[in-house]
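This report describes selected local features of one protein chain.

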Amino acid sequence: MTRLTDTAKIKKNRKKACPSSRPRPAGKSCDEYPFASTWQGARTGDGKYSWRMINETQNTEGGRALNGFYTYSRILEKDKFLVWIR
């Protein structure tokens, strides 16, 4: 993945993958992959993305963890990083 820091582009990525028109059941929020904060996101990428409604608290905690990773690892604009799923 490649880090994106432009907040306007991040919002556009998130809006494309998770528009406000998608119904959100109580306690759920829309989560997208690739992350909105990457150049591979829904709008800035190649159009291949997925979304799913997940537990709102877990989604918020996941976003905080991702931002913590960016900060701790000093992942800056256009820096590449890997995602391992286990």
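This is a predicted model: local features need pLDDT of at least 70, side-chain atom pairs count only at pLDDT 80 or more; totals for chains, interfaces and linings use all residues.

The backbone at Lys-78 has a positive phi, near 65°, although the residue is not a glycine.

Lys-78 also takes part in a positive surface patch, together with Lys-9, Lys-12, Lys-16 and Arg-43.

## The segment after α2

Arg-74 is another residue placed in the segment after α2. Its phi value is near 55°, again positive in a residue other than glycine. Arg-74 is exposed, because its relative accessible area of 60% is over 50%.

Val-83 contributes to a nonpolar surface patch, whose other members are Tyr-33 and Ile-85. The area of this patch is about 290 Å².

Within helix α2 itself, Thr-71 may be noted. Thr-71 counts as exposed because its relative accessibility is 64%. The C-alpha atoms of Thr-71 and Arg-3 are 12 Å apart in space, while the two residues are separated by 68 residues in sequence.

## The disulfide

How many disulfides does the count give? The count comes to one disulfide. This disulfide joins Cys-18 to Cys-30, with an S to S distance of 2.0 Å. The pair links distant parts of the chain, 12 residues apart: Cys-18 belongs to the loop between α1 (7-17) and β1, whereas Cys-30 belongs to strand β1.

The torsion about the S-S bond of Cys-18 and Cys-30 is about -70°, and the disulfide is therefore left-handed. Are the two cysteines buried or exposed? Cys-18 counts as buried because its relative accessibility is 8%, which is under 20%. Cys-30 is likewise buried, as its relative accessible area is 10%.

## Prolines of the loop between α1 and β1

The loop between α1 and β1 holds Pro-23. At a relative accessibility of 66%, Pro-23 counts as exposed. Pro-23 and Met-53 are 30 residues apart along the chain, and their C-alpha atoms are separated by 9.1 Å.

Pro-25 lies in the loop between α1 and β1 too. Because its relative accessible area is 44%, Pro-25 is classed as partly exposed. A distance of 9.9 Å separates the C-alpha atoms of Pro-25 and Glu-56, which are 31 residues apart along the chain.

## The loop between β1 and β2

Which peptide bond is cis, with omega near 0°? The bond is that from Tyr-33 to Pro-34. Pro-34 is located in the loop between β1 and β2, and Tyr-33 is a member of the nonpolar patch made with Val-83 and Ile-85.

Lys-48 is found in the loop between β1 and β2. Lys-48 counts as exposed because its relative accessibility is 65%. Lys-48 and Pro-34 are 14 residues apart in sequence, and 8.5 Å lies between their C-alpha atoms.

Terms used:
Residues are numbered from 1 along each chain as its sequence is written. Side-chain values use heavy atoms; hydrogens and water are left out. Patches are made of residues with over 30% relative accessible area and no salt bridge: like charges are joined within 9 Å, nonpolar side chains (Val, Leu, Ile, Met, Phe, Trp, Tyr) within 5 Å. Accessible areas come from the Shrake-Rupley method with a 1.4 Å probe; for residues, only the protein chains shown count as cover. A salt bridge is a side-chain nitrogen of Lys or Arg within 4 Å of a carboxyl oxygen of Asp or Glu. Lys and Arg count as positive and Asp and Glu as negative; His and the chain ends are not counted. The place of a charge is taken as NZ of Lys, CZ of Arg, CG of Asp or CD of Glu. A disulfide is a pair of cysteine sulfur atoms within 2.5 Å. Helices (H or I, at least four residues) and strands (E, at least two) are DSSP runs, numbered from the N terminus. Buried means under 20% relative accessible area, exposed over 50%, partly exposed in between (1.4 Å probe, protein chains only).
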